[in-house]
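Please read this briefing with the structure open beside it. The points below are grouped by topic.

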Amino acid sequence: MFKSLMVLGACALGMAAAAQGETLRFATDASYPPFSQQGPDGKMKGFDPDIAQALCSAMKVTCEVVPQDFDGIIPALQARKFDAIIASMNITDERKKVVSFSDKYYNMPSRLVAKQGSQINDAWFKGKKIGVLRSSIQEKYARDNWVKLGAKLVSYAKAPESFLDLKAGRIDASFVDAAVGESDFIKTPSGKGYAFAGPEYNEVKYFGEGAAVAVRKPDAALLARINKALKQIRADGSYDKIQKKYFSFDIYGK
């Protein structure tokens, strides 16, 4: 489960002792700012990596955060390339069939980003090209609900690519997590003239119960430790300090 274990004393004496000398490897999407992105130095930065570091600190283990494209992140977890996923991955029934989820660490709606003044109704979707992150919950929702209205989906390996195509007029809208749409496009110079369009999308069937850490199903002990660490960083102020670094509102949600 962990890449390296140097347990001092008998392992059966408890998790506190077992934590010493351990390295826990998290994977995250390298192209999902402000939640995660790769800096010029190659290191991962953003809300998700910071939460990973806080969890590791609470668990008293060494932390590594590695990049992984979102559409291959669950297969890579199953192949044991890392120990856990912290990539703004929403808890859904479909994903729960193959991984185990921690308690949520935030919950945000998804939104369409389009030209200011766009009036979204069923008729609007006919012939429209909508950008989505490949293998995302937004892609599944759009495929089930908007393709039958005449929309064409354009899937991207990285969310920012859809903003480039939106700005260039190659697509009509981008369907993303609201925080990503706001901070990575609407509030940037490139996003001038664009805004959220239509309602918030948060139907539990598609968008789940919030974003959580995912681990392999047999790793129940690790999951319990992550949940304990989540409670700790929520209680000791670490979580609040991190979210204020990236957001001006409470991202934890209901």
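In strand β4, Met-44 is the bridge partner of Gln-38. The model is predicted: local features need pLDDT of at least 70 and side-chain atom pairs count only at pLDDT 80 or more, while totals for chains, interfaces and linings use all residues. Residues are numbered from 1 along each chain as its sequence is written, and side-chain values use heavy atoms, with hydrogens and water left out. Helices (H or I, at least four residues) and strands (E, at least two) are DSSP runs, numbered from the N terminus.

**The three-stranded sheet**

- Strand β3 (residues 36-38) runs antiparallel to β4, and two bridges join them; two strands pair if DSSP finds at least two bridges between them.
- The open sheet has three strands in the order β2-β3-β4, with antiparallel pairing.
- Strands β2 and β4 (44-45) stand at the edges with a single partner strand each, so one side of each has no neighbour in the sheet.

**The five-stranded sheet**

- Another open sheet has five strands in the order β10-β9-β11-β8-β12, and its pairing is mixed.
- Its edges are β10 (152-156) and β12 (194-201), each with a single partner strand, so one side of each is left without a neighbour in the sheet.
- From one strand to the next, the twist averages 30°.
- Five bridges pair strand β9 (residues 129-133) with β10 in the parallel sense.
- Val-132 stands opposite Ser-155, a residue of β10.

**Helix α7**

- Contact means heavy atoms within 4.5 Å.
- Axes are lines fitted to C-alpha atoms, for helices over the stretch in contact, and angles run from 0 to 180 degrees between N-to-C directions.
- The buried residues of α7 are Ala-178, Ala-179, Val-180, Gly-181 and Phe-185. Buried means under 20% relative accessible area, exposed over 50%, and partly exposed in between (1.4 Å probe, protein chains only).
- Those buried residues pack against β2 (31-32), β8, α6 (159-168), β11 and β12.
- Asp-177 caps the N-terminal end of α7, with a side-chain oxygen 3.0 Å from the backbone nitrogen of Ala-179.

**Helix α2**

- Helix α2 (residues 47-59) has 13 residues and reaches 18 Å from its first C-alpha to its last, close to the 18 Å expected at 1.5 Å a residue. The expected span is 1.5 Å times one less than the number of residues.
- Of the 13 residues of α2, 11 are buried, among them Phe-47, Ile-51 and Leu-55.
- Lys-60 follows α2 and has a positive phi, near 60°.
- Ala-52 is found in α2 and counts as buried because its relative accessibility is 0%.
- Not counting residues up to four places away in sequence, Ala-52 touches Phe-26, Cys-63, Val-65 and Ile-86.
- Ala-52 and Leu-230 are 178 residues apart in sequence, and their C-alpha atoms are 9.8 Å apart in space.

**Cysteines**

- The structure holds zero disulfides, a disulfide being a pair of cysteine sulfur atoms within 2.5 Å.
- Cys-56 is buried, with a relative accessible area of 1%.
- Cys-63 counts as buried at 14% relative accessibility.

**Arg-216**

- Arg-216 is in the loop between β13 (211-215) and α9 (220-235).
- Its relative accessibility is 3%, so Arg-216 counts as buried.
- A polar atom of the Arg-216 side chain lies 2.7 Å from the backbone oxygen of Leu-77.

How values were computed
Polar contact = N/O pair within 3.5 Å; in protein donor to acceptor, adjacent residues only side chain to side chain.
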